[in-house]
There are 2 protein chains.
Amino acid sequence: MGSDTGEPSNDLLAHIAWSRITEPGDTVAHTLIRALGAVPAFDWLATTSATTPPGAPPDPRWEKTASNWRARLSGLDPRREYSVITGLGGAVLTARDPRWPAQLHDLGERAPLCLWVRGDVRALNRAGVGIVGARACTRYGERIAQELGSGASQAGLTVISGGAFGIDAAAHRAALANGSATIAFQAGGVDRFYPVAHTDLLGRVCESGAVVSEAPPGSAPMRQRFLMRNRLIAALSTAVVVVEASWRSGALSTARHAADLMRPVGAVPGPVTSMASAGCHRLLRDGMAVCVTDAGEMLELAGPLAPDPDPQTTQEGFLDGLDDEAARVLDAFPARSGTTTDALVHVAGLAPKTVVRALGTLQLAGRIKREGGQWKRRP
Amino acid sequence: MGSDTGEPSNDLLAHIAWSRITEPGDTVAHTLIRALGAVPAFDWLATTSATTPPGAPPDPRWEKTASNWRARLSGLDPRREYSVITGLGGAVLTARDPRWPAQLHDLGERAPLCLWVRGDVRALNRAGVGIVGARACTRYGERIAQELGSGASQAGLTVISGGAFGIDAAAHRAALANGSATIAFQAGGVDRFYPVAHTDLLGRVCESGAVVSEAPPGSAPMRQRFLMRNRLIAALSTAVVVVEASWRSGALSTARHAADLMRPVGAVPGPVTSMASAGCHRLLRDGMAVCVTDAGEMLELAGPLAPDPDPQTTQEGFLDGLDDEAARVLDAFPARSGTTTDALVHVAGLAPKTVVRALGTLQLAGRIKREGGQWKRRP
């Protein structure tokens, strides 16, 4: 789909080399490459021992930076790394590539030097929404992530996340279930999917979307790379929604990056007794995030790219004309996806007999329908 | 405690008469009484048939207003009504009374003409926080209302609410359980408690606090009076917190009144799947309320009157030094009140065996204690 097979340019090979010897978000390397070009900058580094790059003002800090970079020069083989990614059917992009997502320019000198992509490179150029959250999520969070992922997919938005356990996986899976594109940003190289238990999931992500990293193949998913990876999710997303996050969850860093980049941020509230929602409540209290309770509100946040939110979920009076029980049951329906009688009993907090009676009323009133063994709202 | 026994002044009797012939929030009557005095205004109404009050510019609307008021003149007996409230051990206040709560002046021409008070009139002059919410609350909401009510009481704040089923009752009960003052504002007369099922509860409220209404004894609790009653809860409160509220709950009107009066408003989030939290999320989305997740955050909202919030609940790192399981269990503890092993299993989402092990660790580490059959955090 997005595999490159031609001969790599010297500029691309130099970017690959820089991608290998730097850590994500190295603003010094970024600035240097923009000033000199990747090839001349690399030539200075690799073929001289000068501590100050040509044209740069002398500064004692150059020495340390240059020696850090030079420590990784041995064994460097950009041509081999290029063949690794193309061998995987993927591509490596730089900002000079027309397929480079323009949103990444918002990162300025913190933009990645390369993007290593497996799957469909074109997925990077479609509007997407970031749906992120806790690895250790609850069933509640998983359910909401699934609903938001479905809502984004049905609205034609790519679901962007981190491929992790918990919320990320639920969001990716919802997109896949809707036959929609989804993008997973990895902290390590895309040659080995992380976490290993998600090898199948990320393989399926590649089929309709892409698995992406700024770290070259072979890079381990280290802590700092996770945090830097979060800025890429934020930058590529039209809006970011945090579904569940503990008080110090990494998902909060994605939210902060999004806020820094002027992307709208949403947070899904949950029980105040749930540790898994504490981070979301923190974002709401800090005024960093808007309260998002369903897919319609997420799409509203994502702006005009998204269609109007489902009028059912926002229109006042949509419960009018129903008795209390029927209204309570209808209100317990998810905005878009299907649900079961058992789930409605749980959400509405009514006796099974009462729910069954209310479902009859609602069906007769044409407010709900039966579809594939599930109950769904009618438009 | 606050019973008045002396001879009522003519001004008080005239206010009582006005209280009887007007509906709560009658700004025309309020303005007229401020301009002429309650006695001359009442003399004009009762002893002449002039449609325009003395000194007022002619206006066709006077006729309708005056005839509405005059329709209730027959059978009026302010002296009897005064004896009803004093017979109940209560008092009736006007803005001229030194015991009139100064905060009510913020209501301007929408201030009540009288306050009919049973219990301890002094409760009206202590700093209090409004804790309101849905009648049809969930067990989750009830639990949070109880925690907030306890937190307010322990901080020396009066708990102000509406005496209704659900959240209101849980908040009042928490104050009573802490031996603290609480105030219930009624929509109808204070001679008959409403709802009837709360006769005992409201009787207990009178013992340490007060049951208050602007409607004279004998007034029925009508819908419009409920809505107007909400402005009194808002006006008397330093801050108002909505614990649970459906999308069109009356508690939202209390929040709106509070916001209009520049009182800080808090809303407690809940599961987005819970109809009972939809109104709270609406307040958060509209930016009308701050997200409040525990008593500490409520006290923060109530401002400098309240002591510093419990450092345990806000200090970052209070889970430091604990293994994941112990941290998760400690985090599942309520901020101030006690809890049980079963509740912790539910909130932490861990197996009973794991919770028991973690409780052992936490007890050895001196982070929790056993007290009266419950687990509590140690300061």
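This is a predicted model: local features need pLDDT of at least 70, side-chain atom pairs count only at pLDDT 80 or more; totals for chains, interfaces and linings use all residues.

User: How many residues are in contact between the chains?

Analyst: On the chain B side there are 22, in contact with 22 residues of chain A. Helix H6 (139-154), helix H11 (278-285), strand S9 (290-291) and helix H14 (324-331) of chain B each supply at least two residues of that side. H11(B) gives the largest share, three residues.

User: And how do the residues on that side of chain B divide by type?

Analyst: The side of chain B that touches chain A has 12 nonpolar residues, six polar ones and four charged ones.

User: OK, new topic. How many helices and strands does chain A have?

Analyst: Chain A has 16 helices and 11 strands. Its C-alpha trace spans about 80 × 40 × 35 Å along the principal axes. Of the 379 residues in chain A, 55% are buried.

User: What is the order of the strands in the open sheet of chain A?

Analyst: The nine strands run S1-S2-S6-S5-S4-S3-S7-S8-S9, and the pairing is mixed. Strand S1 (91-93) and strand S9 (290-291) of chain A stand at the edges with a single partner strand each, so one side of each has no neighbour in the sheet.

User: Let's zoom in. Do S3 and S7 of chain A pair in the parallel or the antiparallel sense?

Analyst: Parallel: strand S3 (residues 128-132) and strand S7 (residues 239-242) of chain A pair over four bridges. In one of these strands, S7(A), the bridge partner of A:Ile131 is A:Val241. Helix H6 (residues 139-154) of chain A packs on the sheet, where it touches S3, strand S4 (158-161) and S7 of chain A. The direction of H6(A) makes about 175° with that of S3(A).

User: Now helix H7 of chain A. Why is it largely enclosed by the rest of the structure?

Analyst: In helix H7 (residues 167-177) of chain A, 10 of the 11 residues are buried, so the helix is largely enclosed. Among them are A:Asp168, A:His172 and A:Arg173, along with A:Ile167 and A:Leu176.

User: What covers the buried residues of H7(A)?

Analyst: The cover includes S3, H6, S4, strand S5 (182-185) and helix H8 (199-208) of chain A. Just after H7(A), A:Gly179 takes a positive phi of about 65°.

User: Last stop: what do S10(A) and S11(A) form?

Analyst: They form a hairpin with two residues between them, and A:Gly372 in the turn has a positive phi of about 55°. Strand S10 (residues 368-371) of chain A runs antiparallel to S11(A), and four bridges join the two. One bridge partner in S11(A) is A:Gln374, which pairs with A:Glu371.

User: Which residues are on the covered face of S11(A), and which are on the uncovered one?

Analyst: In strand S11 (residues 374-377) of chain A, A:Trp375 and A:Arg377 are on the covered face, while A:Gln374 and A:Lys376 are on the uncovered face.

Conventions. Residues are numbered from 1 along each chain as its sequence is written. Chains are lettered from A and ligands numbered from 1 in the order in which they are written. Two strands pair if DSSP finds at least two bridges between them. Two residues are in contact if their C-beta atoms, placed from the backbone, lie within 7 Å. Axes are lines fitted to C-alpha atoms, for helices over the stretch in contact, and angles run from 0 to 180 degrees between N-to-C directions. Ala, Val, Leu, Ile, Met, Phe, Trp, Tyr, Cys and Pro count as nonpolar, Asp, Glu, Lys and Arg as charged, and the others, Gly among them, as polar. A residue is buried if 20 or more other C-beta atoms lie within 10 Å of its own, exposed if 12 or fewer, and partly exposed in between; C-beta atoms are placed from the backbone.
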